Structure formats: structure tokens, C-alpha cells
Amino acid sequence: MLITSSGYVILNEWEDIVRRRPTDKDIRIVTPAQAQRIFGTTEAVRLQGASFICTDANQFISHYYHFSAELLFGLWRTYTSLDTFIPENGQTNLPSPRRFLFRHVKEEQWRDYASMNQWVVRGAFPGIGMEFADDWDDRAKMGVPFVLDTAVLGDRAASYESDPYKLSMRSASSAFDLPGSVHWWQPLRKSVLEFSGLSANWISGPLSSQSDEKFVITYVSRQEWGRRMLLPEAHESLVTELHKLQDRYGYEVNIVSMDKLSRAEQIQLAGRTTIMMGVHGNGLTSLLWMRPKPQSTVIEFFYPKGIAFDYEWTTRALGMKHYGVWNDK
């Protein structure tokens, strides 16, 4: 199993796979004596606290799902293996990571088109420092060794070599071989939702509270996107039936285009949602902020004969139910 790669882009030809394999220019294990010969000193600069290190190419970074639900998802799951007793309210003794290091990504390459990546990172870790490829090169040119107290590595290409990935096709899956609390995601979810301004009762209040007893159904519509949408008549029928549920049972029903909402509104709505549904697409990434409870469910509509496991795996990794729909199946 690999823990890093060369940072070469992910393509599927054999020569591309070989080019992704790390060399001693990417990672090397040395003895103290060898380190002294390399650096010419026995002294090092200590970088205190935890560092999240991403050695991916920039290929998948500027995408909300791949950044938040794979890279950050796996890094945080790995880090929380150091605290296996996180309760439902998200209290943890783990300090926030001090820095997020991107070995092969330039500063202008990590932001997604919807500006969600930076919202999630700043919401989850308000004081975190961000360093990119140029910063990494600056440190290297100094010729001074830096020692990191705690380093959590994330590398998509390396994860492809693991057995968990071969079963799930999800780059974060290897992290789930580590010990962890069932509430491992709650500290990060709580921070992002608090940052969005959502009421504390929706975030981690008692499950028997009045607000939690009310079902909130959110249909993430793509009808204005021009691709990967429901047929107009299917969309209208779904909306009609959802409104019938609202009238009959008093459920809150939301029909939304995520790009029409502010980032805070998107996260707040997801944090209150009991059932989220929509056509396979980036809008379903908001399921990250749903509160896992017995009724929490994601319903995903697929193009006939097409399927992807991105959102199913993520939903189940958070302890929620997932249903995929092809036509009437």
C-alpha cells in the first residue's frame, strides 16, 4: 500500500500509473545519521500541532464533492482515530489542525466554481493556515529541515492501491480501517453549521425536540442546468407529490436549486434536512451537513443504465440510508 504519490495526474494507461508511483524525491525514510548528512545539521525547525498534507495533483481539488467528501472526509476520519470516544454532541479533545499543505496545487487551483471549498475549510477550521506548491518549494529551497508534530497524509492516487478502494471506489475508504467513533464527523459538521449561523438545536440538540420531530424534505433540483435533469413531466409529478405530503402530514418541503442559495443558506438547509433527494450531481454534496439519525435518508435519481457510487458511499459512511432510483426501480 502506498501513502503518497508523485503528484502526476490520474490517467488509466499503464505508463501513467507507473508515473504516479513515488520515488525518493517524493518520500524517503532516513535515519538520524542520514538526515544529518543530507541537511548538514542536527537542528530542525519544529512545526507544532497537526498538519493536513495533500499530495494530489490539482485534477480533483477544485470540486466541492471531491474536495470535501473525499479528501477532507478521509483526512478528518484518519485524524479522529486519535479520539475514539467522540460523543454525539461533537466534543473532542483533538485540537484543530494548524495548517493545510498542498504539495502540487497552486493557490489559485483549490477553489471550486461554487466557492464551497473555502467556505468549508474556513468554517471547519477558522484559524488554519494554507500553504501551496510555491510555499512548499520555498521551504525546500531554504535547506532547513522542518519537523511536523503530527502529519495526516491524503493522496488519491496512493489510495487506489488499497483493498478498501478496490471495493468501494472511494479514495477516503482506507481511513475507515482505523478505529473511530460513530460520531467522528460531528465535530467538523458542528463547526461548519455553527459558522453558517444555524441554530444550535438543529446541530446537536436533543433528538426528541420539536424541531427534530418535524420532517424536512429537500429536493435538490437541476432543472435549470440544461443537463442531467429529470424529464419535465417527472419533475412536475415529483413536486406535486411532495406538496401532497406537506399538506397531509405537515412536512416542510423545499424545492431548491442550490446555486440560487447563498453558501450559508445551502449549509443551513442541509443541516435541517431529514430526507434529501435529487439527480446525481454536485448539489447532493450538501448531504455532508445532514444530521445522522434513524430517519435521515438520501434518495438519488440516476440516468437510466448509469450509476455512480459517490453519494451512496458517503451517505452510508455517515450512518444514513441511501436509495438509488432508475426510472421506476
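A cavity, on a 1 Å grid over the protein atoms alone, is a set of points where a 1.4 Å probe fits but cannot get out, and its lining residues have an atom within 4 Å of a point. The structure before you is a predicted model, in which local features need pLDDT of at least 70, side-chain atom pairs count only at pLDDT 80 or more, and totals for chains, interfaces and linings use all residues. Residues are numbered from 1 along each chain as its sequence is written, and side-chain values use heavy atoms, with hydrogens and water left out.

Let us begin with the cavities. A search of the whole structure finds 3 cavities of 30 Å³ or more. Volume here is the space filled by probe spheres set on the grid points, which are joined across faces, edges and corners. The largest cavity holds about 70 Å³. Its lining consists of Ser5, Tyr8, Ile10, Thr55, Asp56, Ala57, Gln59, Phe60, Asp155, Arg156 and Ala157. By class, 5 of these residues are nonpolar, 3 polar and 3 charged. In this scheme Ala, Val, Leu, Ile, Met, Phe, Trp, Tyr, Cys and Pro count as nonpolar, Asp, Glu, Lys and Arg as charged, and the others, Gly among them, as polar.

The second largest cavity has about 50 Å³ of space. Among the residues lining it are Leu2, Ser5, Ile17 and Glu161. Helix H1 (14–20) and helix H6 (156–159) each supply at least two residues of that lining; helices are DSSP runs of H or I, at least four residues, and strands are runs of E, at least two, numbered from the N terminus.

I turn now to the largest pocket. A pocket is an open set of points with protein on both sides within 12 Å along at least five of seven lines. The largest pocket contains about 1,500 Å³ of space. Of its 35 lining residues, Asp26, Arg28, Phe39, Trp136 and Phe146 are the closest to its centre. The lining comprises 19 nonpolar, 8 polar and 8 charged residues.

Is Asn117 buried or exposed? Asn117 counts as buried because its relative accessibility is 0%, and buried means under 20% relative accessible area, with exposed over 50% and partly exposed in between (1.4 Å probe, protein chains only). The Asn117 side chain reaches the backbone oxygen of Ile61 at 3.1 Å. Thank you for your attention.

How values were computed:
A polar contact is a pair of N or O atoms within 3.5 Å; within protein, one must be able to donate a hydrogen and the other to accept it, and residues adjacent in sequence count only if both atoms are side-chain atoms.
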